[in-house]
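Biologist: I should like to learn how to read a protein model with some care. May we go through one together, feature by feature?

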Amino acid sequence: MTHYCSNCGQPIVNNTKFCPNCGAPVPPLAEPQPEPQQQYYNQQPQQSYQASPDPGEKPNNRLGQAIALAVIFCVPLGIPGIINAAKVDALWKEGKYEEARSASRKANMWSLIAMGAGILFIFFYIFLIVAEEL
Ligand SMILES: [Zn+2]
């Protein structure tokens with residue numbers, strides 16, 4: 001199918017974006033336009049945190065994180081993280097959303113403490129090895 005340049009009237013091959021005669025940009029051939037999808041974005045209104053009874057997303061229980069850090073780094077310091085992590089799901093199920101979030105934060109905090117202690121321990125260990133070599 002051929003159409004004609006709106007600027008100079010020369011015939012234009014289908015896939016050309018610019019007229020080969022005058023260089024005017026060629027409007028693309030009419031193609032079936034995809035349905036506008038804007039209504040999908042508007043279907044879920046933003047939820048206000050206080051106004052809605054919906055507790056929102058369950059906080060991460062950090063259990064895997066806590067256990068991994070306890071095993072890798074420093075078992076005694078990892079235990080509070082594991083305890084708090086284990087509480088998150090139970091508290092959440094009982095509807096104690098604020099306490100569940102708090103336990104999640106504590107689990108994360110203890111994980112960070114365990115990680116920090118573990119990293120210090122590793123540095124200290126490396127230092128001992130290096131000191132021995134001297
Ligand atoms: Zn032209």
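Biologist: What is the mean pLDDT of the protein chain, and which elements have the lowest and the highest values?

Modeller: The general idea comes first. Where pLDDT is low, the predicted coordinates should not be read in detail. Here the chain has a mean pLDDT of 75, with 72% of its residues at 70 or more. Among the elements, helix 1 (residues 38-42) has the lowest mean, 51, and strand 2 (residues 11-12) has the highest, 84.

Biologist: How does one decide whether a residue is buried or exposed, for instance alanine 103?

Modeller: One counts the C-beta atoms around the residue; 20 or more within 10 Å make it buried, and 12 or fewer make it exposed. Alanine 103 has 24 such neighbours and therefore counts as buried. Isoleucine 79, a residue of helix 3, has 14 and so is classed as partly exposed. Proline 25 counts as exposed because its number is 12. Over the protein chain, 19% of the 134 residues are buried.

Biologist: Which residues make up the largest nonpolar core?

Modeller: There are 10 of them: Ala66, Ile82, Ala85, Val88, Leu91, Ala100, Ala103, Ala107, Trp110 and Ala114. Two elements, helix 3 (75-93) and helix 4 (97-133), each give two or more residues to this core. Helix 4 gives the most, namely five.

Biologist: What does alanine 66 touch, if residues up to four places away in sequence are not counted?

Modeller: Its contacts are Gly78, Gly81, Ile82, Ala85, Ala107, Trp110 and Ser111.

Biologist: Where is alanine 103 found, and which residues does it touch beyond four places in sequence?

Modeller: Alanine 103 belongs to helix 4. Its contacts, with residues up to four places away set aside, are Asn84, Lys87, Val88 and Leu91. The C-alpha atoms of alanine 103 and alanine 85 are 6.6 Å apart, although 18 residues separate the two along the chain.

Biologist: Where does threonine 2 lie, and with which residues is it in contact beyond four places in sequence?

Modeller: Threonine 2 is in the segment before strand 1 (3-4). It is in contact with Pro11 and Ile12, leaving aside neighbours within four places. With 7 C-beta neighbours inside 10 Å, threonine 2 counts as exposed. Its C-alpha atom is 10.0 Å from that of asparagine 15, which is 13 residues away along the chain.

Biologist: And where is the place of proline 25?

Modeller: Proline 25 sits in the loop between strand 2 and helix 1. Leaving aside neighbours within four places in sequence, proline 25 is in contact with Lys17 and Phe18. The C-alpha atoms of proline 25 and asparagine 7, 18 residues apart along the chain, are separated by 9.0 Å.

Notes. Residues are numbered from 1 along each chain as its sequence is written. This is a predicted model: local features need pLDDT of at least 70, side-chain atom pairs count only at pLDDT 80 or more; totals for chains, interfaces and linings use all residues. A nonpolar core is a set of buried Ala, Val, Leu, Ile, Met, Phe, Trp, Tyr and Cys residues joined through C-beta atoms within 7 Å. Two residues are in contact if their C-beta atoms, placed from the backbone, lie within 7 Å. pLDDT is the predictor's confidence in each residue, from 0 to 100.
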